[in-house]
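Subject: Structure handover

Dear colleague,

I am passing on the structure we spoke about, and below it you will find notes on what turned up when it was examined. Please read them alongside the coordinates.

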Amino acid sequence: MMDLRKFLAQSPDLSDLSLADGFASHWRSKRLKKGARLADQGQPESDEFILLDGSLASTICDQEGKEACVGLYVGPCVVTPNIARTRDGVSFVSIQATKEASLYWLDTGRLTNLMLESEPIRNWANGILQDALSEKAEREWCLAALGGAERLNWFRQAFPGYEDIFTHSLIASFLGVTPVTMSRLRAR
């Protein structure tokens with residue numbers, strides 16, 4: 001399993017190991033059992049997360065209680081930044097471990113202060129946000145422009161191996177198709 005310092009040092013902005021070490025020292029570790037929640041829709045949320053190992057799914061629930069998957073994460077990766085999943089400190093999404101997960105968290109305000117103090121950390125964080133927004137825009141385009149078979153092909157290219165990690169019902173929800181449609185598409 002990768003450690004936090006090695007993960008951070010993969011970024012060209014944090015390739016200086018002393019800088020990666022210093023930045024890593026601000027993060028706190030956390031383990032989640034399968035099914036445990038990292039965030040709850042409608043609840044206060046003020047942290048940033050790096051998933052080192054395991055998998056998470058991000059969902060939104062409507063007023064009738066119907067859940068839709070809006071994010072899938074396999075470690076090592078950064079979970080969508082707080083600014084893109086909250087408003088006024090309240091979470092838009094619930095995030096749940098789909099298998100046991102090892103992660104690190106840091107208060108968003110603390111990260112903001114570190115970004116003001118350090119250009120490499122600022123560049124790293126801005127790059128993460130840009131990647132997350134680009135990924136969201138690509139998924140929105142997929143949902144708006146593609147039919148079911150094309151969505152599944154897009155998913156397989158964008159997220160190789162995820163079909164073996166996540167339930168097909170979660171993937172169907174992420175792609176905006178029913179589980180029955182997903183099953184038919186996979187059978188083709």
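This is a predicted model: local features need pLDDT of at least 70, side-chain atom pairs count only at pLDDT 80 or more; totals for chains, interfaces and linings use all residues.

Sorted by class, the contact of α6 with α7 has four nonpolar residues, two polar residues and one charged residue.

Helix α6 (residues 168-175) also packs against helix α5 (residues 148-158), at an angle of about 110 degrees and with their axes 10 Å apart. Because angles from 65 to 115 degrees count as roughly perpendicular, α5 is placed in that class relative to α6. The crossing in which α5 passes α6 is right-handed. Here Arg 151, Leu 152, Trp 154 and Phe 155 are the α5 residues in contact, while α6 contributes Ile 171, Phe 174 and Leu 175. By class, this contact of α5 with α6 has six nonpolar residues, one charged residue and no polar ones.

**The largest pocket**

The largest pocket holds about 400 Å³ of space. It is lined by 21 residues, of which Cys 77, Val 78, Ile 128, Asp 131 and Glu 135 are the closest to its centre. The elements that give two or more residues to this lining are α1 (4-9), β4 (67-74), β5 (77-78) and α4 (119-145), and among them α4 gives the most, with five residues.

**Backbone details**

Most residues other than glycine have a negative phi, and most peptide bonds are trans. The peptide bond that joins Gly 75 and Pro 76 is cis, with omega about 0 degrees, and Pro 76 is found in the loop between β4 and β5. Asp 88, a residue other than glycine, has a positive phi, near 50 degrees, and Asp 88 lies in the loop between β6 (86-87) and β7 (90-91).

With best wishes

Methods: Residues are numbered from 1 along each chain as its sequence is written. Side-chain values use heavy atoms; hydrogens and water are left out. Axes are lines fitted to C-alpha atoms, for helices over the stretch in contact, and angles run from 0 to 180 degrees between N-to-C directions. Helices (H or I, at least four residues) and strands (E, at least two) are DSSP runs, numbered from the N terminus. Angles under 35 degrees count as roughly parallel, over 145 as roughly antiparallel, 65 to 115 as roughly perpendicular and the rest as oblique. A crossing is left-handed if the near helix is turned anticlockwise from the far one by less than a right angle, and right-handed if clockwise. Contact means heavy atoms within 4.5 Å. Ala, Val, Leu, Ile, Met, Phe, Trp, Tyr, Cys and Pro count as nonpolar, Asp, Glu, Lys and Arg as charged, and the others, Gly among them, as polar. On a 1 Å grid over the protein atoms alone, a cavity is a set of points where a 1.4 Å probe fits but cannot get out, and a pocket is an open set with protein on both sides within 12 Å along at least five of seven lines; lining residues have an atom within 4 Å of a point. Grid points are joined across faces, edges and corners, and a volume is the space filled by probe spheres set on the points.
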